[in-house]
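Subject: Structure handover and notes

Dear colleague,

I am passing on the structure shown below, together with some notes on what was found in it. Please read them with the structure open beside you.

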Amino acid sequence: MAKHSAPRHGVPTAPDAQSDLSRGAVRMTQSTVSSRSAAATRRAKASRGHGHGSHVGAAQVDLGGLRERRRPPRWPWVAVIVVLLVLIGFGGRYAYQHLFTTEEKTVDVEPGQEVSIKVAEGSSASAIAQQLYEAGVIGDTSAFMKAARKQNVDEKLKPGTYIFVTGSDVQNVIDLLVAGPNSGEGILTIAEGLTVRQTAAIVEDRLGISADDFIAQAKASSYVDDYPFLADAAASGYDSLEGYLFPKTYDFSSGAPTADSVIRTLLDQYALETQGLDFASAEAQIADAYGVTMSDYDILKLASVIEREAVADDQRGNVASVFYNRLAGKLGQGAFLQSDAVMGYVTGGEVTADDLQQDSPYNTYKNEGLPPTPICAPSMASLEAALAPESTDYLYFWITDSEAVFSKTYEEHQAAIANAS
């Protein structure tokens with residue numbers, strides 16, 4: 001704005017007067033200014049001093065009893081008000097969302113429906129709660145967390161695959177997670193008496209691992225460095241894990257198992273189960289009683305034969321005694337084991353008279369001693385029977401699902417067969 005220097009005496013000229021008065025929103029012409037107003041104007045100018053370039057600012061002018069003050073610029077206050085309104089808006093929205101509203105507590109899942117949830121290894125309780133919430137199993141993650149912490153089970157929730165029902169009670173869900181997986185997915189059961197090939201088929205069916213890949217991986221030489229008890233198997237020329245894949249139920253639901261990880265788990269179990277067995281002492285006693293030298297690997301071989309021949313646990317000690325007597329040559333015609341079950345390892349099923357004429361290292365009618373490898377994975381009962389056989393003179397047995405007859409002579413054996421019910 002242009003600035004006018006007022007003369008030291010007299011009334012301001014029309015332009016100056018109009019400029020000053022316009023700032024007070026009062027328009028007056030020179031002809032309407034009274035002498036009183038003019039005097040007041042002169043006093044106001046005199047009070048400002050005599051410097052040049054100064055402006056009226058907030059000078060007051062008495063115009064016929066009216067008092068005028070120049071208003072300061074308005075834009076800073078407007079800006080402040082706008083900012084405050086914005087902040088209040090955001091703050092109100094935040095307060096409304098967090099104080100007066102809650103998150104949606106349910107998802108669009110019909111109650112009473114079965115859902116499968118896989119809890120990964122190492123999942124936190126809060127992560128599990130979120131999984132359950134998103135699947136519709138629970139309707140409130142906070143209620144789940146509160147209950148889990150109150151019961152101090154945050155670290156006891158087990159990984160694995162579960163079948164839950166949508167809309168379940170929180171406590172029932174927690175109880176199940178503490179108990180462990182219930183879906184059956186990833187559960188592998190290896191029964192007693194299975195071969196490596198049969199085990200591979202079950203692994204493929206239950207875990208989706210190729211049976212061919214499993215069989216190719218199941219070599220003693222691949223694991224002997226980590227499992228020293230495989231030394232004889234690795235050096236046998238057959239390089240087989242036959243007999244070592246311990247029969248038991250395993251849970252692989254919490255991860256993504258491979259042929260290698262499954263085999264290692266089964267070998268670990270064999271080591272665990274047999275660590276309390278005194279092979280050395282048992283082998284020394286067998287040598288004294290029968291004159292037969294046995295290695296740890298031989299014990300496993302014989303245990304596998306006992307597993308396939310016996311039906312009940314209380315028969316295994318006597319079956320072991322029969323085979324030790326035969327290995328001792330008490331049949332009078334060499335140390336022939338004469339076990340149909342061993343030849344069944346080759347045929348994969350029933351054994352005929354023609355099968356027993358085959359030239360196979362597993363034909364124990366033609367080859368003395370034990371088979372070159374175990375013929376299956378024996379139970380702990382069969383292992384214990386091989387280590388501690390009953391002391392008998394039995395040379396024959398006739399075992400069916402309903403009876404078991406042990407005989408000392410061939411004639412007694414034939415009579416038992418003839419009298420079989």
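Does Asp 226 count as buried, partly exposed or exposed, and at what relative accessibility? Asp 226 counts as partly exposed, because its relative accessibility is 47%, where buried means under 20% relative accessible area, exposed means over 50%, and partly exposed lies in between, as computed with a 1.4 Å probe on protein chains only.

Before the rest, a word on the basis of these notes: this is a predicted model, in which local features need pLDDT of at least 70 and side-chain atom pairs count only at pLDDT 80 or more, while totals for chains, interfaces and linings use all residues. Residues are numbered from 1 along each chain as its sequence is written, and side-chain values use heavy atoms, with hydrogens and water left out.

The chain as a whole

The chain holds 16 helices and eight strands, which are DSSP runs numbered from the N terminus (H or I with at least four residues for helices, E with at least two for strands). Of the 421 residues in the chain, 38% are buried. When contacts (heavy atoms within 4.5 Å) in the chain are taken between residues at least 6 apart in sequence, 60% of them join residues at least 24 apart.

Salt bridges

Side chains of opposite charge can pair when their charged atoms come close. A salt bridge is here a side-chain nitrogen of Lys or Arg within 4 Å of a carboxyl oxygen of Asp or Glu, and by this rule the count comes to eight. One of them joins Asp 226 to Arg 264, with the closest N and O atoms 3.0 Å apart. Asp 226 lies in the loop between α8 (211-217) and α9 (231-235), whereas Arg 264 belongs to helix α10 (residues 259-274), so this pair ties together parts that are 38 residues apart in sequence.

Arg 264 also meets Asp 260 in a salt bridge, at 3.3 Å from N to O; both of these residues lie in helix α10, four residues apart, which is about one turn of the helix. Arg 264 counts as partly exposed at 25% relative accessibility, and Asp 260 counts as partly exposed at 26%.

Another salt bridge pairs Glu 273 with Lys 248, the closest N and O atoms being 3.3 Å apart. This pair links distant parts of the chain, since Glu 273 is in helix α10 and Lys 248 is in the loop between α9 and β6 (249-251), 25 residues apart. Glu 273 counts as partly exposed at 25% relative accessibility, and Lys 248 counts as partly exposed at 36%.

A buried lysine

Lys 301, in helix α12 (residues 296-309), is buried, with a relative accessible area of 10%. Leaving aside residues up to four places away in sequence, Lys 301 touches Leu 370, Pro 371, Pro 372, Thr 373 and Pro 374.

Helix packing

Helix α13 (residues 313-327) packs with helix α15 (residues 380-387) at an angle of about 40 degrees, their axes being 8 Å apart; axes are lines fitted to C-alpha atoms, for helices over the stretch in contact, and angles run from 0 to 180 degrees between N-to-C directions. That makes α13 oblique to α15, given that angles under 35 degrees count as roughly parallel, over 145 as roughly antiparallel, 65 to 115 as roughly perpendicular and the rest as oblique. In this contact Asp 313, Arg 316, Gly 317, Ala 320 and Tyr 324 of α13 meet Ala 381, Ser 382, Ala 385 and Ala 386 of α15. α15 is mostly covered, with six of its eight residues buried, and the buried residues of α15 pack against α10, α11 (279-290), α12 and α13.

Elsewhere, the axes of helix α5 (residues 141-150) and helix α6 (residues 170-179) come within 10 Å and cross at roughly 55 degrees, and these two helices are therefore oblique to each other. Ala 143, Phe 144, Ala 147 and Ala 148 in α5 meet Val 170, Val 173, Ile 174 and Leu 177 in α6.

With best wishes
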